[in-house]
Amino acid sequence: MSTLNSKIPEGPLAEKWSNYKEHAKLVNPANKRKLEVIVVGTGLAGAAAAASLAELGYSVKAFCFQDSPRRAHSIAAQGGINAAKNYKNDGDSVFRLFYDTIKGGDFRAREGNVYRLADVSRNIIDQCVAQGVPFARDYGGLLDNRSFGGSQVSRTFYARGQTGQQLLLGAYGALERQIGLGNVQMYSRHEMVEVVTIEGKARGIIARNLITGELERYFGHAVLLCTGGYGNVFFLSTNAMGSNATAVWKAHKKGAYFGNPCFTQIHPTCIPVTGDYQSKLTLMSESLRNDGRVWVPKSKEDAKAIREGKKTAADIKEDDRDYYLERKYPSFGNLCPRDIASRAAKEACDDGRGIVPSGLGVFLDFADSIKRLGIDVVKARYGELFPMYQNITNEDPLKTPMKIYPAVHYTMGGLWVDYELMTTVPGLYCLGEANFSDHGANRLGASALMQGLADGYFVIPYTVGNYLSTEIFVKPIPTDHPAFVEAENDAKERAEKLINTKGKKTVDDFHKELGKIMWEKCGMARTAEGLTEARKQLQQLRKEFWSDVNVPGTLNEFNPEFDKASRVADFLELGELMVIDALNRNESCGGHFREEYQEGGEAKRDDENYRYVAAWEFKGVEADPVLHKEELVFENIQLQVRSYK
Amino acid sequence: MKYNLKVWRQKNSKSEGKLVDYTIDSINPDMSFLEMLDVLNDNLVRKGEDPIAFDHDCREGICGMCSLHISGRAHGPQHAATTCQLYMRSFKDGGTIYIEPWRAKSFPVIKDLVTDRSAFDRIIAAGGFVSVNTGQAQDANNLPIEQAHAEKAMDAAACIGCGACVAACPNSAAMLFVSAKISQLALLPQGGPERNIRAINMVNQMDAEGFGNCTNIGACEAECPKEIKLTNIARMNREYLLASLINE
Ligand SMILES: Cc1cc2nc3c(=O)[nH]c(=O)nc-3n(C[C@H](O)[C@H](O)[C@H](O)COP(=O)(O)OP(=O)(O)OC[C@H]3O[C@@H](n4cnc5c(N)ncnc54)[C@H](O)[C@@H]3O)c2cc1C
Ligand code: SF4
Ligand code: FES
């Protein structure tokens, strides 16, 4: 069995990565061509990895479930990407970005990894600019930056409100170039449904061709999973409809440990839920909190009147408003971190002061900024966001405050990986949002794009070489090997069981039910009691799913309902692991808030007992997983209470 | 609200398709168009019928996956919006709505409303990039770029690759899409060294994929959800012409 060795290189923090690179084993160019690498997922992490590895000469196969690699969920990121360039001369540095990321993550991330991330962040911007990514520029023609998510320096690079799109299109261009050169075989509309392991090493995947429904076998000397986050466990989230956990979950079942599954990020500024037909939630960029003030009425009566349409925001006098973030966190105010802002909104609404009919919504008010800056400045700052909000809600935020509420946005948890981004299965790697590595218990704004591209462009090309150098004598394994046959059979059996159940409830019925349990009991606030109950409910729901789900159509055709069912089946199992992890972690940290562990309403971390990464080993769907702990060592940062008061 | 829907149903790329009638009621005006289709599909599944296949993913107007021809308009009646950004309040209660896939020879139907747009990827693979390997870049600020140029490049780079321009064009031309990428890179110094070869290769690939010619109708610009401008096509033609002269 594999042991948890994070493989952090020796030496002082700032030299670990260069030490590693200087000593990593290399593969000679003639051998690279003979080595095949499978990259599952072509978002920022996957596209960057596939392109970079192909440039080095490896023979790459890349997979995505959309019709084109250009559509990965990374495309939706709005705000920006961090990098410690210090172009503003405002005191930023690699160490400061490292420090902010560890602190923001509530001291639950690995120092070595995070320092490397901060370090290579600078190369990312250089690379993207060279590709022609049209970042915003100042009048002198140099790159512009903004401050984001409450950081005290301006280190966020952006391309209007479409940073993710532009970065992804840059990586997609690099990938398409390699496809054109014949170095990458691209398989779009393909969904990975199994990892194939031979003698303990990852050797390939089984993928479902989503057009024909056929199961196909692919060999690789190494397999990289870059498949994004699992926020859709909650049914409603800001993730794209297709975002799923299938690849990582299948890997988990084949021996890859799952790290900190309960660490999820709930973003404070999303458009509130309005009806049960709703399919997803829309994020309103965090940048709005730079100029918007969050409030609810002081009195429950006023709130009720607003909910019932008898009063509007304008009827509530200044003195009768509770700008609760400014009240509770005077030094950061409306700019406090995401987890804190989200929890505060929940508290206000739980107190009966929510302002939308469901009771779950608060105001984000621009009136003061408009008074101070003038309507034109405010309009220019939030150019695309206001019309977007108005289009969705039919209300003009320049005239009446926005209504917002927290929603599931990002998953810090993911497959456990070591410093080389390798999971506990040799030859199986995990990059981007899909791994657990760099954000601890809470991710800072504009850091996910940075991590995805760091992993793909600048980390994996070195670390995968270190492994593949030992694989050069392994000839491609023919896919009629029994391990491939068996993995395909497993996938086939499962698929047949799903399609033949022909029960009475739809896939969405189950997904919504799952989402409700997770949101209520494993969402913004968790208790031992609620989690224990949730676990039972999930087990029950899973049983019901396998006996009563109705998946229309057949297996040998284009069948999106089947694809969805197969993803929900995996969410139902992952949901339980999230609950188990949340129950195990008897502390509050970052996005994980256990009501039992608080002090004066603020999260209470327990460094003595929980300063570790929880890495879970799969033992069977109905069996308890086994916990392995990776102790977190802080040599360069002093642990402290994360205060934003 | 209630609607009569006429939806294109086609089992797969080989079979014939036809418009099928559905009625749907209790639709909330604040529902998005795709949520309306979700509700319809939910009804169909409960009745044991085959749900309607349609492409979608981000549902916020950025991934370019959604792609419906709605009552004769690519992405429906609303200006500068994708199908996923349409709300039912834009449709008259009791009205009839036609829902069809993108119609173009180079975008064959896969099933119902889903088409194969991989031709776009192949055009990008022919030259829609800057050839710079990972790690070869200099410091980003060593290359100042005039703000106005950067902004114009960004305007063109906003294309989401949805294919509405092709679907809207009577000639099924892909000029707006191709010119957006060529323009973005022609406006930036990074695109300079490959400027000529890019224009030639991308245009050749576009022709090889069977897209039609531009006859200056402008339907692409009118239907483009990201307001990509026709001036990009003019720029592309100029780039192509110059490149051809140099290649002589
Ligand atoms: C609305 C929104 C706004 C955001 N804004 C920001 C921001 O401003 N700054 C920031 O830093 N971060 C932001 N984030 C977070 C950030 O966008 C993501 O964390 C990041 O882009 C994830 O990249 P990725 O490459 O790991 O995965 P993704 O981009 O999600 O890509 C996943 C890939 O895996 C493929 N895939 C998945 N499962 C399978 C399977 N089984 N088989 C085959 N292929 C599969 C998909 O097809 C896709 O290609 C935002 C997120 C959201 C939801
Ligand atoms: S040019 Fe416009 S219509 Fe054409 S693909 Fe791009 S975004 Fe879509
Ligand atoms: S679903 Fe992404 S643009 Fe419409």
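**A friendly tour of chain A**

Visitor: What share of the 645 residues of chain A counts as buried?
Guide: Welcome! This is a predicted model. A residue counts as buried when its relative accessible area is under 20%. Of the 645 residues in chain A, the share that passes this test is 66%.

Visitor: How many helices and strands are there in chain A, and what is its radius of gyration?
Guide: Chain A holds 19 helices and 21 strands. For 645 residues the globule rule gives 26 Å, and the value for chain A is close to that, so chain A is as compact as a globular protein of that length. Its radius of gyration is 24 Å.

Visitor: Is A:Arg146 buried, partly exposed or exposed?
Guide: Let's find A:Arg146 first: look in the loop between α5 (111-131) and β4 (156-157) of chain A. Buried means under 20% relative accessible area and exposed means over 50%, with partly exposed in between. A:Arg146 has 23% relative accessibility, so A:Arg146 counts as partly exposed.

Visitor: Which residue has a backbone oxygen that the side chain of A:Arg146 reaches at 3.0 Å?
Guide: Leaving out residues up to four places away in sequence, A:Arg146 touches several residues, among them A:Ser154, A:Tyr158 and A:Gly79. A polar contact needs a pair of N or O atoms within 3.5 Å. At 3.0 Å, the backbone oxygen reached by the A:Arg146 side chain belongs to A:Gly79.

Visitor: How far apart in space are A:Arg146 and A:Phe157?
Guide: Along the sequence, A:Arg146 and A:Phe157 are 11 residues apart. In space, C-alpha to C-alpha, the distance between A:Arg146 and A:Phe157 is 6.8 Å.

Key
Residues are numbered from 1 along each chain as its sequence is written. Chains are lettered from A and ligands numbered from 1 in the order in which they are written. This is a predicted model: local features need pLDDT of at least 70, side-chain atom pairs count only at pLDDT 80 or more; totals for chains, interfaces and linings use all residues. Side-chain values use heavy atoms; hydrogens and water are left out. Helices (H or I, at least four residues) and strands (E, at least two) are DSSP runs, numbered from the N terminus. The radius of gyration is taken over C-alpha atoms; the globule rule is 2.2 Å times the number of residues to the power 0.38. Buried means under 20% relative accessible area, exposed over 50%, partly exposed in between (1.4 Å probe, protein chains only). Contact means heavy atoms within 4.5 Å. A polar contact is a pair of N or O atoms within 3.5 Å; within protein, one must be able to donate a hydrogen and the other to accept it, and residues adjacent in sequence count only if both atoms are side-chain atoms.
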